[in-house]
Amino acid sequence: MKVKEFAQSMGMKVLTGEDGGDKDITGIYACDLLSWVMSHACKGDGWITVHTHLNVAAVALLTEAACVIVPEGIAVEEATVKKAAEEGISILSSGLSSYEICYRAHRLIGENEA
Amino acid sequence: MDNRITLHYIIPGDDFSVAGEASSSVKKTLTHLGILPGIIKKAAIAMYEAEINVVIHAGGGEADISIDAEKVTIQLKDQGPGIPDLEMAMREGYSTASDSVREMGFGAGMGLPNMKRYADSLDIDTTVGKGTTVTIIVYIK
């Protein structure tokens, strides 16, 4: 499933515009310890994090995450959105909690991938 | 013919806005060179951790990367405080990072263990009060 389709189905707002939304999202990874994310997230994961600082873009780029998902309506810094957009990484904003995102995403993509 | 590629980066200290940019740039270069994704991942993670350490702990430093047909050699050099107890620093979960750094998601005590895990060869030359040089090698072949 493409990131932009995922965002639409999940009712998420794409903060970074359309660019990057053509990546395939194949899973979800939820964690806020950046070193842990670096070594455990997989290419194609939608990465759920409460962090909104600039380094999120670097971690998403290095792990080849499909997109960054910021839960619970947390405001994302403008500089981070700009940086991510430059790197072709979508940042999706959701009003849901990480748990709810994981649950719904699993129903949407997890069962298809399994 | 010498097919070696060398890259050089200045890593500013305590500036999280650019932390990880050198690693991202190296990753892009390796991708352009057509290196296998698994190899790139190893090099990128090991270098990112080393880069973040230079930003957090050392007040900045420099990175020199050399890529040839056989290996990627990544060297990060700083004139920071050095690592007093390297054995402790290598333990997963051990960290001397400040609370403010931890709140950003860094300082989980996984930097050096991650470097060891993803580098094929890791050499840490550190002197308290003088600085640290980390040399990471990832083999392409």
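Modeller: Two strands are said to pair if DSSP finds at least two bridges between them. Please bear in mind that this is a predicted model.

Colleague: What makes strand 3 and strand 5 of chain B a pair?

Modeller: Strand 3 (residues 71-78) and strand 5 (residues 131-139) of chain B are joined by eight bridges in the antiparallel sense. The requirement is at least two bridges, so the two strands count as paired. Within this pairing, Lys77(B) has Thr133(B) in strand 5 of chain B as its bridge partner.

Colleague: In what order do the strands of the open sheet in chain B lie?

Modeller: The five strands follow the order 1-2-3-5-4, with antiparallel pairing. Strand 1 (5-12) and strand 4 (121-127) of chain B are its edge strands, each pairing on one side only. On average, neighbouring strands of this sheet are turned by 10° against each other, direction ignored. Helix 5 (residues 111-118) of chain B lies across strand 4 and strand 5 of chain B, at about 145° to strand 4 of chain B.

Colleague: Why is the contact of Glu64(A) with Lys27(B) called a salt bridge?

Modeller: The closest N and O atoms of Glu64(A) and Lys27(B) are 3.0 Å apart. The cut-off is within 4 Å, so the pair qualifies as a salt bridge. This pair crosses between chains, from the loop between helix 3 (55-63) and strand 4 (67-70) of chain A to helix 1 (residues 21-32) of chain B.

Colleague: Are Glu64(A) and Lys27(B) buried or partly exposed?

Modeller: Lys27(B) has a relative accessible area of 7%; buried means under 20%, so Lys27(B) is buried. Glu64(A), at 31%, falls between 20% and 50% and is therefore partly exposed.

Colleague: Why is Asp68(B) called buried, and Lys71(B) partly exposed?

Modeller: Asp68(B) has a relative accessible area of 18%, under the 20% cut-off, so Asp68(B) is buried. Lys71(B) has 21%, which lies between 20% and 50%, so Lys71(B) is partly exposed. The side chains of these two residues, Lys71(B) and Asp68(B), meet in a salt bridge at 3.5 Å, N to O.

Key. Residues are numbered from 1 along each chain as its sequence is written. Chains are lettered from A and ligands numbered from 1 in the order in which they are written. This is a predicted model: local features need pLDDT of at least 70, side-chain atom pairs count only at pLDDT 80 or more; totals for chains, interfaces and linings use all residues. Side-chain values use heavy atoms; hydrogens and water are left out. Helices (H or I, at least four residues) and strands (E, at least two) are DSSP runs, numbered from the N terminus. Axes are lines fitted to C-alpha atoms, for helices over the stretch in contact, and angles run from 0 to 180 degrees between N-to-C directions. Contact means heavy atoms within 4.5 Å. Buried means under 20% relative accessible area, exposed over 50%, partly exposed in between (1.4 Å probe, protein chains only).
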